[in-house]
Amino acid sequence: MGGCAKDSSTGCRLKVKREIVVAIAGQPNVGKSTLFNRLTGAHQHVGNWPGKTVERKEGYRDFAGYRIRFIDLPGTYSLSALGVEEQIARDFLAKEKYDVVVNIVDASNLERNLYLTLQIAELTPRVIIALNMMDLAEQKGLRINVEKLRRRLGVPIVPMIAVKGKGIEELLRTIIDVVENRIEPQLPHITYSPELEQAVDEIENIIRHRNLHRQLGYHPHWLAHKVLEEDFFVLQSIEEKDPDAYSTLTTLIEQIGKRLGGPPSVAMVQARYKLLREICAPLIEKRPVKPTLWERFDALALHPVVGPFFTLFIMLAFFVAVFSINTGFPLNYFLEWLGYPDIAVTLESYSLSGLLGEAFSSLAESMRIALADVPLWVQGLICDGIIAGVGAVVSFAPLIFLIGLGIGALEDSGFLARAAAVMHRPLKPLKIAGKGFIPLLLGFGCNVPSVMMCRGLYRECERRNCALIAGLVPCQARLAVILAIVTAIFSTPLAQIAVITSLYVVALLLLWVIGVLFAHTLFRREPSAQLVIELPPYRAPFVGNVLMYGWNLTKHFLKKAGTIIFLLAILMWFSLSYGPAGFTEDPSLSYAALLGHALTPFTRVFGASHWVLVLALITGFIAKEAVIETVALAAGTPSISEALGKLGVTPLQAYSLLLVVTIYIPCLATIATIWSETRSWRYVLLTILYMTGIALLLATLVYQLGAWLGF
Amino acid sequence: MGAPVIPLAAVPPGREVIAVAIRAGRGLTLRLMEMGILPGTRMRVLKPPPGPVVIEVRGARLALGWGVAQKILVQVVA
């Protein structure tokens with residue numbers, strides 16, 4: 001502010017803005033993303049909350065000489081720390097500095113939405129209510145007396161329809177009014193029963209006496225409420241800081257519970273809802289309305305038999321559309337099977353990744369010509385290292401954008417909630433809710449968006465478990481390797497189908513077993529996923545939300561995972577282009593080949609008895625399809641069956657090799673994505689170790705058993 | 001108020017019920033209550049098992065797993 005204080009020219013004043021911070025809080029499905037996108041437009045940044053897999057969105061809007069920074073808190077039904085989202089939202093509200101909280105509320109579902117408002121009010125009075133979905137309330141036959149509600153609650157209320165942009169200006173003006181103290185919000189104080197109030201006082205005394213509020217950084221009165229509610233995170237941190245105080249408090253709560261004849265937390269939720277009923281009932285006029293069409297649609301989507309098929313059908317249609325546009329898969333295989341190989345090839349070469357691949361290889365070629373005079377290693381570094389590395393990163397971008405659009409639209413329309421409800425059963429032992437089915441299905445196309453989509457799951461443990469096992473879904477690139485090797489080695493269609501099916505069954509079975517295993521070891525303290533999910537009304541997706549979602553996802557991928565993919569690609573280039581004799585254009589003289597030679601005595605146990613196969617497995621880390629290229633290149637023939645014949649690969653060896661290719665280490669892009677999503681090298685290492693370990697073990701077992709049986 | 005107390009999972013579709021008690025662990029009980037299902041709350045069953053139980057409560061539509069619906073005890077009122 002200082003530098004421009006004396007200068008009154010407008011140019012300078014535009015630059016110098018007072019910055020204010022506004023938190024946006026609200027329950028899920030109330031249009032929070034829409035509001036955030038309407039408020040910030042393209043000025044937003046998406047990252048993660050520190051150390052968590054939860055998305056953190058931040059953006060700004062310049063308005064009336066202010067730069068308003070908006071922080072989008074995770075959507076939560078309450079501020080009780082039941083999960084990471086709630087913990088993040090309330091720690092922000094309790095500990096961070098901000099000027100105003102905009103609490104977005106669904107007008108068609110007022111009572112339950114204001115429950116969160118009351119909890120926010122326990123932390124700060126500076127609340128503005130954005131009363132959203134006024135149109136939906138109207139459709140449901142509800143008329144809300146906003147003026148009376150405003151007076152009753154004592155805070156500014158801005159009625160709005162965020163999807164249509166109605167009420168945004170007024171909300172911005174109201175924010176400024178509160179910041180400039182023209183309006184002073186004063187939410188009603190909840191009075192609990194005398195017994196509860198007395199209990200809060202008793203607890204607060206202990207807290208003050210023990211100085212717990214200073215140690216934990218919360219307001220003592222609020223902390224007393226949370227202790228009485230037996231809030232898990234609060235009690236846990238008290239136990240860590242002061243075990244004596246912890247045991248005093250827990251005995252006290254037990255006594256209070258006996259006095260009340262039930263847990264105090266129940267009584268407190270009841271008190272809040274009782275107050276809300278008193279506030280809301282007189283202000284809402286309700287007239288009966290006919291059930292809408294979508295209510296009948298739900299009977300189909302949630303049907304015990306038809307529902308899963310219906311969900312699967314919509315997801316598959318989405319899957320085929322997105323991946324066909326991107327790579328031609330699986331439409332190309334289908335066309336080939338129907339007897340139109342020419343169309344299949346055309347489709348592939350005009351798919352997005354086909355076009356991009358073409359562009360990058362022609363770029364590399366023209367660079368090679370332009371760089372004819374520089375040393376070979378520089379040429380190699382630029383054309384095969386850097387350009388190929390950038391190409392590897394960029395080739396994922398359209399896929400992730402398309403998947404972002406699709407998932408964003410399915411989510412926004414209310415479809416994903418139904419899919420999650422109907423697919424709940426099969427993933428329950430993995431402690432993953434039905435929504436986990438979506439990332440896992442995407443994995444059949446590509447593991448990268450699959451790992452990214454784990455962020456849509458509800459709980460931290462679900463997201464982590466899902467990201468850990470997502471690499472086991474055989475992706476399209478692995479299918480390409482499987483098909484190439486299977487058709488080269490196994491002659492009868494029956495044998496081919498049996499081999500391919502068995503590989504998929506093994507991989508998916510492993511996924512399930514490992515998922516259950518992680519659920520009961522790494523995540524043993526987490527309760528299993530209980531299905532309690534809101535089914536929002538079906539509605540047309542808001543284009544702005546969908547585009548923003550796709551764009552943010554792609555940006556996140558390029559920035560976070562992209563860097564690692566690029567670096568790993570360069571590293572792989574180096575190990576394949578340098579050997580003991582320095583730079584080489586022949587991979588068989590490279591360090592990677594040397595490593596292949598060195599490992600071959602060990603890899604013999606699972607049938608990889610030729611060093612080229614080991615080198616192929618090493619290059620398969622860059623991208624699975626590289627396995628085939630390496631084999632062909634090193635054997636000096638483009639025909640895979642000839643190449644495998646030259647290397648003396650038997651059917652048993654081929655099968656064991658396929659097992660390894662299907663299960664061992666996910667490609668470097670997936671690894672990079674697991675890191676960028678979980679932010680944990682431990683998870684990355686765990687994924688690499690368990691997948692490679694199991695792959696080698698299984699392949700060895702199969703190979704040795706097969707050899708013993710005389711195959 | 002003489003109607004028998006039965007689990008929510010056993011209520012036929014279209015009926016209105018009043019929640020009497022939630023017999024679940026602390027975490028789930030709190031979650032259900034905070035989403036508006038409290039003893040005394042009126043709700044309507046839209047879809048019974050098999051598959052998720054769908055109810056309408058306080059103007060919102062919720063899908064509950066069979067196990068969850070089994071833990072919510074209700075009385076049919078209409």
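In chain A, 20 residues of domain 1 are in contact with 18 residues of domain 2. Keep in mind that this is a predicted model. Domain 1 of chain A covers 2-179, and domain 2 covers 194-286. Chain A also touches chain B, through 30 residues from chain A and 25 residues from chain B.

**Where the two domains meet**

- Four elements of chain A give two or more residues each to the side of domain 1 that touches domain 2: helix H3 (84-95), helix H4 (110-121), strand E7 (142-144) and helix H6 (146-153).
- H4(A) gives the most to that side of domain 1, with five residues.
- If you sort that side of domain 1 by class, you get 10 nonpolar, four polar and six charged residues.
- Taken over C-alpha atoms, the centres of domain 1 and domain 2 of chain A are 27 Å apart.

**Where chain A meets chain B**

- On the side of chain A that touches chain B, the elements giving two or more residues are H4, helix H13 (264-280), helix H20 (415-422) and strand E10 (532-534) of chain A.
- H13(A) supplies the largest share of chain A's side, five residues.
- Chain A's side splits into 16 nonpolar, 10 polar and four charged residues.

**Strands that pair across the chains**

- E10(A) pairs with strand E5 (residues 60-64) of chain B in the antiparallel sense, over three bridges.

Methods. Residues are numbered from 1 along each chain as its sequence is written. Chains are lettered from A and ligands numbered from 1 in the order in which they are written. This is a predicted model: local features need pLDDT of at least 70, side-chain atom pairs count only at pLDDT 80 or more; totals for chains, interfaces and linings use all residues. Domain bounds come from an automatic or database domain assignment. Two residues are in contact if their C-beta atoms, placed from the backbone, lie within 7 Å. Ala, Val, Leu, Ile, Met, Phe, Trp, Tyr, Cys and Pro count as nonpolar, Asp, Glu, Lys and Arg as charged, and the others, Gly among them, as polar. Two strands pair if DSSP finds at least two bridges between them.
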